[in-house]
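Here is a short report on one protein model and its ligand. Look at the structure first, then read on.

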Amino acid sequence: MIFDILTLFPEVCEAYCQASILGRAAKAGLINVRTVNIRDYAQDRHRTVDDVPYGGGDGMVMMAPPLARAIEDLQPQPPARVILMSPQGPPLDQDKVRELARWPRLALVCGRYEGVDERVRERYVHEELSLGDFVLSGGELAALCVVDAVSRLVPGVLHGADSAEADSFMDGLLEHPHYTRPPLFEGVAVPEVLLSGNHAAIARWRRKESLRRTFLRRPDLLARASLSREDLLLLEEVRGEEASGEGA
Ligand code: 9D3
């Protein structure tokens with residue numbers, strides 16, 4: 001999977017992509033993250049990439065010509081999929097991540113300032129994506145989220161423990177609580193079932209706590225999850241316990 005990140009802050013993007021799982025994936029040749037400094041495509045002495053908005057108003061707008069040239073200089077041409085990171089796109093979710101992972105190459109355009117000139121969007125951008133309804137200073141963090149989330153779905157990037165984790169969102173529930181040593185921390189014990197060695201009981205407990213968390217924190221996810229008959233029985237237990245004030 002090849003990612004091209006078009007940005008005014010290539011160092012920021014490179015640093016993240018060289019660390020941890022992404023860094024290892026890049027070294028293994030499973031992903032290739034290339035950054036393009038949009039400022040390298042400015043044409044004046046001051047390397048200007050922004051200008052005041054036509055019609056007036058606060059803030060600056062990212063100019064069309066440098067960004068257009070940067071996109072046209074991507075290799076090979078035309079780039080497979082050009083995505084503008086923008087507060088005006090639909091928020092990224094795991095369904096979208098799975099869809100993006102099917103492209104061989106993604107070009108991620110990071111806006112700065114109040115936005116990019118509308119003509120770039122019209123001519124080059126296939127889709128826009130946001131991270132959600134909050135204000136960032138630019139698209140870099142959003143582009144890195146795409147690189148990170150999509151890379152985790154590239155075969156070979158995750159192994160063993162990690163890949164189960166990648167699957168965990170797939171059934172649409174939140175994860176159960178996790179514990180590791182010590183068995184007693186500040187007077188709080190690890191739930192006994194986890195020390196029992198009874199793998200069926202552990203699996204049932206985890207599934208139930210997963211359902212409990214989703215019920216309490218993200219009922220919207222529960223409504224969309226595909227639940228087995230066993231899940232529905234566990235969920236009834238959870239509802240009863242929560243209504244009677246038991247449990248966490
Ligand atoms: C004054 C109106 N603002 C829109 C909410 C202007 C504005 C603020 C911040 C325009 C662009 C930006 C920079 N943000 C991004 O480029 C961005 C973003 C975000 O701010 N929130 C969530 N997802 C994203 S993806 C790119």
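## Two domains

The centres of domain 1 and domain 2 lie 38 Å apart, taken over C-alpha atoms. Domain 1 covers 2-151 and domain 2 covers 168-244. These bounds come from an automatic or database domain assignment.

This is a predicted model: local features need pLDDT of at least 70, side-chain atom pairs count only at pLDDT 80 or more, and totals for chains, interfaces and linings use all residues. Residues are numbered from 1 along each chain as its sequence is written, and side-chain values use heavy atoms, with hydrogens and water left out.

## The sheet

Strands of a sheet pair through backbone hydrogen bonds, either parallel or antiparallel. Here, an open sheet of 5 strands pairs in parallel, in the order E2-E1-E6-E5-E7. Strand E2 (32-37) and strand E7 (127-129) are the edges, and each pairs on one side only. From one strand to the next, the twist averages 25°. The angles use lines fitted to C-alpha atoms and run from 0 to 180 degrees between N-to-C directions.

Strand E1 (residues 2-7) runs parallel to E2, joined by 6 bridges. Aspartate 4 stands opposite arginine 34 in E2. Two strands count as paired if DSSP finds at least two bridges between them. Helices (H or I, at least four residues) and strands (E, at least two) are DSSP runs, numbered from the N terminus.

## Around the ligand

Which backbone atoms come within polar contact (N or O atoms within 3.5 Å) of the ligand? A backbone N or O atom of phenylalanine 134 is 2.7 Å from a ligand nitrogen. A polar backbone atom of leucine 136 lies 2.8 Å from a ligand oxygen. For glycine 139, a polar backbone atom is 3.3 Å from a ligand oxygen. Alone, the ligand exposes 570 Å², and the protein buries 74% of that. Such areas come from the Shrake-Rupley method with a 1.4 Å probe.

## Backbone exceptions

Most residues other than glycine have a negative phi, and most peptide bonds are trans. Glutamine 75 and proline 76 are joined by a cis bond, with omega about -10°. Proline 76 sits in the loop between helix H3 (64-72) and strand E5 (82-85). Serine 20 has a positive phi, near 55°. Serine 20 belongs to helix H2 (residues 20-27).

Definitions and conventions: Polar contact = N/O pair within 3.5 Å; in protein donor to acceptor, adjacent residues only side chain to side chain.
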